[in-house]
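This report looks at one helix and at some aromatic rings. Please have the sequence and the 3D view open while reading.

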Amino acid sequence: PDSYRKPYLIKVTSDWCFSCIHIEPVWREVVLELEPLGVGIGVIDSGYERRLLQHLGVYQHPTILGVISGRVRFFKNAVVWENLRQFLENLLPTNLIEQVTVTNSANFLSAWQQDNKPRVLTFHQRTAELLMYKLAAFTYKDYVAFGSVDTKVQKSEELLNQYSINMDIPTWLIFKEKVTKPIYLIQNKNMKRHIIDEILSKNKFLLVPRLTSQKLLEELCLVRENRRQRRYCVLLITGEGEGFRASYNSFVSFASVNAEESLRFVYVYREWQQAFSDALLQMAPKLTAASQVVIFEQRNTPGKVFYTVLEDGWAGSEEDEEQLFDRLNHLLAEGDYKLLPHQAVLAELNEEFASIFLVRWLHVLIDYASHFWESGFNQNWREMMPLISLLFSVIFILFGAFIIQTFSEPSEQERSPGAEKQEPAAAKAQEEPKKQRSNSAGTPRSLEKNYVEVTELTYVNYTSNLVRLMPGHINVLVVVTDTTKDALLQKFAHEVYAVTWNKALHFSFLNLTKHGRWLENVLEFAQDPSPISNVPDESSPNQDYAGYVLALNGHRKYFCLFKPQDSSRKEGCPAANSPGSDPQGSAAAPAAG
């Protein structure tokens, strides 16, 4: 967990490692130079920590690791001082210190209103000092924003004159709410890390910070641990906007004059922390002022507070300041519990700077991907083999499935691609229960489907709709012409509607004008001792087959013929071969009628 505050360099060695002896002088120099700057140093003996090394993926000696923010990175270059220094700088995030010039200095210093952080402005000439500044910026990245001014650049002269900076001495300026004047100045030729830590730890919050998270509340408003200890939080509940700027500025001015070790001045935006604010103002519903000041103290139980509210609110007037001053003096002098008459359990503060879920998920995904990419090349192949095997197995399965699907024959239910392009001629018939046949009274049918879909049989869908029908499926075909098409299809749909519940029946129509030769071939070559063509009403070459209905079984290769001339006569259905060619007129297989 400490790697979230400072980076670590770890050397992996062993007693029998002769190569480790050669890098020992360089490693000793690294320890002497980097440890005072705030870098964590560690050594792992492989003879005692084998399980830890297997978890880290270390299988050779010597090995140098870098650990930062819980992530492990491997040093892969020659073990010399410059390479190790560059490796350490690469471990640190690139946006820790912002480069500040005359053009962006005002924006940098005034950005505390957005991120709620003090500003540190550093002036330096040597790049060696920049590493220590980066390490300090990483340690305090959650509290302080850092900017750097390179004094060797000509554009920095105006800033040097503005703050009276000596170019020969490293200088730090700390700014809070007042951006025109630094609250703290550090100048030292030999800037040490412990001096930086001591000063930053005392100035890591604004003079009046905004409560933007529960963690910040717990750090600023500590729980009272004993009766002698007095810790009070003076809270301004205000709004966001120019209309509240005057009351906020007066509150900051009051806090700068009356700063005490036992007092912590803070503020919240009521619209951002509604539940938290309402819990403190519920005992004073008659307050009408736009901004309110609450003095509270946490005792024993975190979240439970004792508090009081200024009756007249806070407008920033002299009377308001006098009233607040007197109330605080009584609390600090007497410490009487009666001065805080109200109790409340505070709701947890909202995380105002928390990114939305999608952004956080994307950042985590990028971190894991980069970690996998970087560590994958350093892991021993023996440890990477299970992952590689899994990847190749998945690729092989997907490739095999693609090959099988590509070269396999289309299923019997699959329609040809051309069938999707033609528009089926659908004849819709309204349900008429009184006119349905008696044997269809109890048949199940989907209540949502109140029409019959009748598809035209052409050379495009001939194979899929007829030849390759599934076993037991029948294609009921009505023969029409251009002139009789609409009337016959409407009558045909009305007659077959009662049996549309049967999924084994398919309904089609054949345009005699286009495919009359196919029908003649089917009837002519039907295998029967007395061919259909010899029947008197069918021997004429101009025979009109409009209204004929054929029930064709493509799997068993037979069909039944129903002729409209004589409805009382039923045709037989002897076994036969179904048509074996497309409807363009080539010879069909014999069939019986």
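What covers the buried residues of H18? The cover includes helix H16 (462-467) and the strands S17 (474-480), S18 (505-511), S19 (549-553) and S20 (558-562). Covering here rests on contact, meaning heavy atoms within 4.5 Å. Helices (H or I, at least four residues) and strands (E, at least two) are DSSP runs, numbered from the N terminus.

The model is predicted: local features need pLDDT of at least 70 and side-chain atom pairs count only at pLDDT 80 or more, while totals for chains, interfaces and linings use all residues. Residues are numbered from 1 along each chain as its sequence is written, and side-chain values use heavy atoms, with hydrogens and water left out.

**Helix H18**

The buried residues of H18 are Leu512, His515, Gly516, Trp518, Leu519, Asn521, Val522 and Leu523. Buried means under 20% relative accessible area, exposed over 50%, and partly exposed in between (1.4 Å probe, protein chains only). An α-helix has 3.6 residues a turn, so residues three or four places apart point the same way.

H18 spans residues 512-524, 13 residues in total, yet its end C-alpha atoms are only 16 Å apart. A straight helix would reach 18 Å at 1.5 Å a residue; this expected span is 1.5 Å times one less than the number of residues. H18 also has a kink of about 30°, centred on Trp518. The bend at a residue is the angle between axes fitted to the seven residues ending there and the seven starting there.

At the start of H18, a side-chain oxygen of Asn511 comes to within 3.0 Å of the backbone nitrogen of Thr513.

**Aromatic rings**

The structure holds 14 aromatic pairs. Rings of Phe, Tyr and Trp (its six-membered ring) pair if their centres lie within 6.5 Å; planes under 30 degrees apart count as stacked, over 60 as edge-to-face and the rest as tilted. Two of the edge-to-face pairs are tabulated below.

| Pair | Centre to centre | Angle between planes |
|---|---|---|
| Phe146 and Trp172 | 5.9 Å | 80° |
| Tyr545 and Tyr548 | 5.3 Å | 90° |

Phe146 in strand S7 (residues 145-150) and Trp172 in strand S8 (residues 171-175) are 26 residues apart, so this pair links distant parts of the chain. Phe146 counts as buried because its relative accessibility is 3%, and Trp172 is buried at 0%. In the other pair, Tyr545 is buried at 6% and Tyr548 at 0%.

Phe251, Phe254, Phe265 and Trp314 form one aromatic cluster.

Methods
A polar contact is a pair of N or O atoms within 3.5 Å; within protein, one must be able to donate a hydrogen and the other to accept it, and residues adjacent in sequence count only if both atoms are side-chain atoms.
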